[in-house]
Amino acid sequence: MKRQLPIGIQDFDRIRENGYCYVDKTKIIHQLITGSSSIYFLSRPRRFGKSLLCSTLCTIFEGKRELFKEIAGYPALAINSLDWEWKKHPVIRIDMNIGNFKEGTDFLNSALNNTLNNIARSFNLELRGNYSSEFFSNLIIDLNNKYKEKAVVIIDEYDKPLLDTMLDVSLHKNIRDELKGFYSILKPFGKYLRFVFLTGITKFSHVSLFSDLNNLDDLTLDPLYADICGITQEELEANFEPEIQSILNDTSMERDDYLNELRRFYNGYRFSKNPLKVYNPFGLLKHFKNGDFSSYWYETGTPSFLVNLLKEQKINILNLNNLQIDNNDLHKYDIENMRAEPILYQAGYLTIKDYNKETNQFTLDYPNIEVESCFAKSLLDEYLLTSNETAGSFNTRLINAVVKGSIDDTINTLKQFLSSIPYDIIKDTENYFQTAIHLVFTMLGLNCRSEVRIAAGRIDTLVETKNYVYCFEFKLNGTAEDALAQINTKEYLLPWEGNTKKIFKIGVDFDYEKRNIGEWKTE
């Protein structure tokens, strides 16, 4: 019998009361709530457990210890045996996922007022004031007076109104000004607050939350909290053994092969300078429920805005797995000066690959195969105007050709694909054709890297499978023979010599008049 998995359930009380599986994060939460700061901010991509974290914090500060003891067949959680007062505090929880803020500032204020009014009523209080920030400050004071305890404020997805209005600069700025006044309450009324916690996707640089609250502790890159959201490999194997065993029983996969495939598809997110990586919980739980490797997280959002931003800023999409960004810029977002790199990271399409202490720079990369292959498909659709029908007709043929080591079938299938691209959008550059080939291989989930830097030079495109290494060198209106000679002259594949995999050297010449591969040679 399958266990109940809390897919899409963000209510801690419901999870514990109804016997859903819960990965115990209360030890690290205890570390947070007993820390020296009182105001915290955490940025994580969507569907990463931020709302469940907020709900857990609320339950702790509401003093509901019974939900942390042994319950519904699950053992007691870590915080139950740790030193904690279990005092009941009045909690103000504001979830900004309360509508479409494209409707304007009136909608924003109405939504905030309704939320605060509902909270006041839950405490049998009358909301006092004339506008949202006044309602907010008075509610904090009234709760302190009534309960003789400092209040706790939890604001989930603080930036939702700003994200909703990114494409309307004028409205965005108006929304931003309104939020400045609302969030600024947290500073002068800090003496009435026991604990403040805010989550979001993006750290907007012009919101007073970050400029005014000089005592705010940003946990986003703190190695102590790198796994406060997401699931580590250790947590995966400790908490989901029944699901793992069930899938192994239903398939012919060996345990190690299956766990490696899980890592490849859903793991890889990194949120600090330390190398700890975590799984996206939403995709992982959906996989355990359905038993197949599908793009569950990616399909819950559309990256069209980001794809357009890449085009506008002329970002080299062959280099998305090796983007460099300064530490100070990694979490900033500014409507007047948008940069694609930090937004791709904040949204979860790229993650930290490496950190250089000397230069204080991060290197970004795709977190896993799910994101890399799906984002490549989105880029293909936008850059090359391909259709799902076209892609579906050649995917199987191409991946089968690559996996079985058939160069003829691989090249012929690529030629069929290139012939499907609208004639008038093809550009007279080698990079255009190289990008098309790169995106096709990446979309199929193959290990494809382009512009690979080695001591002897730079390999145009390298594809590796379990049994083969494909080294492509491209020319435009040149010769395939020259391309092949370059691979040999510069000894591109010297690092792979002695490898048990069979190596293919492939020189390809693109014929611009034909808008396709002209000649090719291999050895």
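Trainee: In this predicted model, which helices each supply at least two residues of the lining of the largest pocket, and which of them gives the largest share?
Mentor: Helix H3 (50-61), helix H6 (160-164), helix H12 (281-290), helix H13 (304-312) and helix H14 (340-347) each contribute at least two residues to that lining. The largest share amounts to five residues, and the helix that provides it is H3.

Trainee: How many residues line the largest pocket, and which are the closest to its centre?
Mentor: The space in the largest pocket comes to about 1300 Å³. Its lining is made up of 48 residues, and the closest to the centre of the pocket are Arg46, Arg47, Phe48, Lys50 and Glu157.

Trainee: By class, what does the lining of the largest pocket have?
Mentor: Charged residues number nine in this lining and polar residues eleven. The remaining class to be named is the nonpolar one, with 28 residues.

Trainee: Which residues are the closest to the centre of the second largest pocket?
Mentor: The second largest pocket holds about 750 Å³ of space. Of the 27 residues in its lining, the closest to the centre are Arg264, Ile369, Gly445, Leu446 and Asn447.

Trainee: Which helices and strands each supply at least two residues of the lining of the second largest pocket, and how many of its lining residues are charged?
Mentor: The helices are H11 (255-266), H15 (369-383) and H16 (388-404), and the strands are E9 (351-356) and E11 (447-454). By class, this lining has eight nonpolar and nine polar residues, while the charged residues number ten.

Trainee: Why is H15 described as largely enclosed by the rest of the structure?
Mentor: H15 has 15 residues and reaches 20 Å from its first C-alpha to its last, close to the 21 Å expected. Its buried residues include Ile369, Glu370, Phe375, Lys377 and Leu380. H15 is largely enclosed because the number of its 15 residues that are buried is twelve.

Trainee: Which residue caps the N-terminal end of H15?
Mentor: The backbone nitrogen of Glu370 has a side-chain oxygen of the capping residue 3.3 Å away. The residue that carries this oxygen is Asn368.

Trainee: What do the end C-alpha atoms of helix H4 say about its span, and within what arc do its buried residues fall?
Mentor: The 18 residues of H4 (residues 105-122) should span 26 Å at 1.5 Å a residue, which agrees with end C-alpha atoms 26 Å apart. The buried residues of H4 are Leu108, Asn109, Ala111, Leu112, Thr115, Leu116, Ile119 and Ala120. Seen down the axis of H4, these buried residues line one face of the helix, because they fall within an arc of 170°. On the face turned away from that buried side, the exposed residues are Asp106 and Arg121.

Trainee: How far apart in space are Gly478 and Asp511?
Mentor: Gly478 has its place in the loop between strand E13 (468-476) and helix H19 (480-489), and at 33% relative accessibility Gly478 counts as partly exposed. In sequence, Gly478 and Asp511 are 33 residues apart, whereas their C-alpha to C-alpha distance in space is 8.3 Å.

Terms used:
Residues are numbered from 1 along each chain as its sequence is written. This is a predicted model: local features need pLDDT of at least 70, side-chain atom pairs count only at pLDDT 80 or more; totals for chains, interfaces and linings use all residues. Side-chain values use heavy atoms; hydrogens and water are left out. On a 1 Å grid over the protein atoms alone, a cavity is a set of points where a 1.4 Å probe fits but cannot get out, and a pocket is an open set with protein on both sides within 12 Å along at least five of seven lines; lining residues have an atom within 4 Å of a point. Grid points are joined across faces, edges and corners, and a volume is the space filled by probe spheres set on the points. Helices (H or I, at least four residues) and strands (E, at least two) are DSSP runs, numbered from the N terminus. Ala, Val, Leu, Ile, Met, Phe, Trp, Tyr, Cys and Pro count as nonpolar, Asp, Glu, Lys and Arg as charged, and the others, Gly among them, as polar. The expected span of a helix is 1.5 Å times one less than its number of residues. Buried means under 20% relative accessible area, exposed over 50%, partly exposed in between (1.4 Å probe, protein chains only). A polar contact is a pair of N or O atoms within 3.5 Å; within protein, one must be able to donate a hydrogen and the other to accept it, and residues adjacent in sequence count only if both atoms are side-chain atoms. The arc is that of the directions from the helix axis to the C-beta atoms.
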